[in-house]
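Please consult the sequence and the structure while reading.

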Amino acid sequence: MQSKYVTLQRANKFKITDTNLTVPIEFVLLGFSDIPQLHWFLFGIFLFIYMIILLGNGIIILITRVEPTLQTPMYFFISNFSFLEICYVSVTLPRMLMDLFTLKGNISFLACATQMCLFLILGATECFLLAVMSYDRYVAICNPLLYPVVMSSKVCTQLVVGSWVIGVPIQVGQTYQILSLPFCESNQINHFFCDIPPLLKLACGNIFVNELVVFIFAVLIVTIPFMLILASYSRIISTILKLPSNTGRTKAFSTCSSHLIVVFLFYGSASITYLKPKSNKFEGTDKLLSLFYTILTPMFNPLIYSLRNKDVTGALKKLFTRLLAL
């Protein structure tokens, strides 16, 4: 059964620049066109997930702003991380919902470029911000006396701003070099959003240099922050094990466990996607991994940070009590 996604007239979707090479005017996101009988089910599921992401992360942002006990560097970073997650998922999920609702996957060349660029920038920001959050925990546990000085309000703001802007020139360059490639006859992207791996599969000619550049940037943006996180937590764990009391060790571990869970959820799926060898055999698996780090991880984050954190659960109870008293 052929999906309505692929009923486009291909003749009008390319601008011919050579006898065999073309520049697409429009792409087609195939998304989940291979299971058309589940479109409405998927639409309902993803809409529910999007609402949960907006509500959960929105509540985290709210309580860290209004609750005095959460006015600390750690919760300042968590609040920014929740805002980032809302932005991150909003780049891909609303578009996917529209495609599922209209049964069309048409996306213009400019819209595809914009989506990919924003997605890459926000993904890089998440990598750097997770590294910053691990550094915050390192200073708090390993150098508690210096913590108020090292993690001052000014420093925290600078670290957050740096996390947002450091990846911008790299990812803009990435987007330009990918979408400047010549594409073959097909304009159908076997994915639910514009991303580097599925677009590279449409490119013609020898793209070894482009793939090498993508791999190098992935190593820089994914691996280096991850190694910094591992280095921070190796020192943290070493320090925690030296604490004299079980209560102190338990409290220290509890403040770090939530962050570690988020780190491994995000980095695990993202690393497999961008650092694994190119292959056409596991495109379904690629979609599932992409769903994991683009949608499911942002949904789990508020649950992880709230259910495993007594300060957050206490602040939530206070907030709900105030709302019920109105």
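The text below moves from the overall composition to individual helices and residues.

The model is predicted, so local features are given only at pLDDT of at least 70 and side-chain atom pairs only at pLDDT 80 or more, whereas totals for chains, interfaces and linings use all residues. Residue numbers start from 1 along each chain as its sequence is written, and side-chain values rest on heavy atoms, with hydrogens and water left out.

**Overall composition**

The protein contains 11 helices and 5 strands; helices (H or I, at least four residues) and strands (E, at least two) are DSSP runs numbered from the N terminus. Of its 326 residues, 48% are buried. Buried here denotes under 20% relative accessible area, exposed over 50%, and partly exposed in between, with a 1.4 Å probe and protein chains only. Among contacts with a separation of 6 or more, 78% join residues 24 or more positions apart, a contact being heavy atoms within 4.5 Å.

**Helix 3 and helix 6**

Two packed helices are described by the angle between their axes and the distance between the axes. The axes of helix 3 (residues 109–142) and helix 6 (residues 168–179) come within 9 Å and cross at roughly 145°. Such axes are lines fitted to C-alpha atoms, for helices over the stretch in contact, and the angles run from 0 to 180 degrees between N-to-C directions. The crossing of helix 3 with helix 6 is right-handed, a term for the near helix being turned clockwise from the far one by less than a right angle, with left-handed for anticlockwise.

On the helix 3 side, the contact involves Phe-109, Ala-113, Met-116, Cys-117, Leu-120, Ile-121 and Ala-124. Helix 6 contributes Val-168, Gln-171, Val-172, Gln-174, Thr-175, Ile-178 and Leu-179. By class, this contact has 11 nonpolar, 3 polar and no charged residues. Ala, Val, Leu, Ile, Met, Phe, Trp, Tyr, Cys and Pro count as nonpolar, Asp, Glu, Lys and Arg as charged, and the others, Gly among them, as polar.

Gln-174 of helix 6 is buried because its relative accessibility is 4%. Leaving aside neighbours within four places in sequence, Gln-174 is in contact with Leu-120, Ile-196, Val-213, Val-214 and Phe-217.

Glu-126 also belongs to helix 3 and counts as buried, since its relative accessibility is 0%. With neighbours within four places in sequence set aside, Glu-126 contacts Phe-81, Leu-84, Glu-85, Tyr-88 and Phe-266.

**Helix 8**

The 34 residues of helix 8 (residues 208–241) should span 50 Å at 1.5 Å a residue, and the end C-alpha atoms are 47 Å apart, which agrees. The expected span is 1.5 Å times one less than the number of residues.

**Pairs separated in sequence**

Cys-142 in helix 3 is buried, with a relative accessible area of 17%. Cys-142 touches Arg-235, Ile-236 and Thr-239, not counting residues up to four places away in sequence. Ile-141, likewise found in helix 3, is buried at 15%. Phe-264 lies in helix 9 (residues 246–275) and is partly exposed, with a relative accessible area of 48%. The table lists one pair for each of these residues.

| Pair | Separation in sequence | C-alpha to C-alpha distance |
|---|---|---|
| Cys-142 and Thr-239 | 97 residues | 6.2 Å |
| Ile-141 and Ile-240 | 99 residues | 7.7 Å |
| Phe-264 and Phe-226 | 38 residues | 9.4 Å |

**A backbone feature**

Most residues other than glycine have a negative phi. Leu-103, although not a glycine, has a positive phi of about 60°. Leu-103 lies in the loop between helix 2 (73–102) and strand 4 (106–108).
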